[in-house]
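Here is a short report on a single-chain model. Look it over first, then read on for fold, surface and charge.

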Amino acid sequence: MSKLTKLLKSKVVKEGMKQAQKHALPLIKKKLAKRKGKFK
């Protein structure tokens, strides 16, 4: 049972990370650009 739940959790986490990265990438790029001083 614990193995199965671990597998499910890891799958869900990986999918969640993929979705989060898709949404977060533009925001991260904007923040990095601001930090670097309007780096183009």
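A residue counts as exposed when its relative accessible area is over 50%, as buried when that area is under 20%, and as partly exposed in between. The model is predicted.

**Fold and surface.** The protein chain has one helix and zero strands. Helix H1 covers residues 2-36. Along the principal axes, the C-alpha atoms fill a box of roughly 50 × 15 × 10 Å. Of the 40 residues in the chain, 0% are buried. The chain exposes about 4,500 Å². Carbon and sulfur atoms supply 67% of that area.

The table sets out two values.

| Residue | Relative accessible area | Class |
|---|---|---|
| Lys34 | 71% | exposed |
| Glu15 | 44% | partly exposed |

Why is Lys34 classed as exposed? Its relative accessible area is 71%, and the cut-off is over 50%. Glu15, at 44%, falls in the partly exposed class.

**Positive patch.** Lys34 lies in helix H1. On the surface, Lys34 gathers with Lys30, Lys31 and Arg35 in a patch of positive charge.

**Salt bridge.** Side chains of opposite charge can pair when their charged atoms come close. How many salt bridges does a search of the whole structure find? The search finds one. Glu15 pairs with Lys18, and their closest N and O atoms are 3.8 Å apart. The cut-off for a salt bridge is within 4 Å. Both Glu15 and Lys18 sit in helix H1. They are three residues apart, about one turn of the helix.

Conventions. Residues numbered from 1 in each chain as written. Predicted model: local features only at pLDDT ≥ 70, side-chain atom pairs only at ≥ 80, totals over all residues. Heavy atoms only, no water. Patch = residues over 30% accessible without salt bridge, like charges linked within 9 Å, V, L, I, M, F, W, Y side chains within 5 Å. Areas by Shrake-Rupley, 256 points an atom, 1.4 Å probe, with all protein chains shown as cover. Salt bridge = Lys/Arg side-chain N within 4 Å of Asp/Glu carboxyl O. Lys, Arg positive; Asp, Glu negative; His and termini not counted. Charge placed at Lys NZ, Arg CZ, Asp CG, Glu CD. Helix = DSSP H or I, 4+ residues; strand = E, 2+ residues; numbered from the N terminus. Buried < 20%, exposed > 50% of the residue type's maximum accessible area, 1.4 Å probe, protein only.
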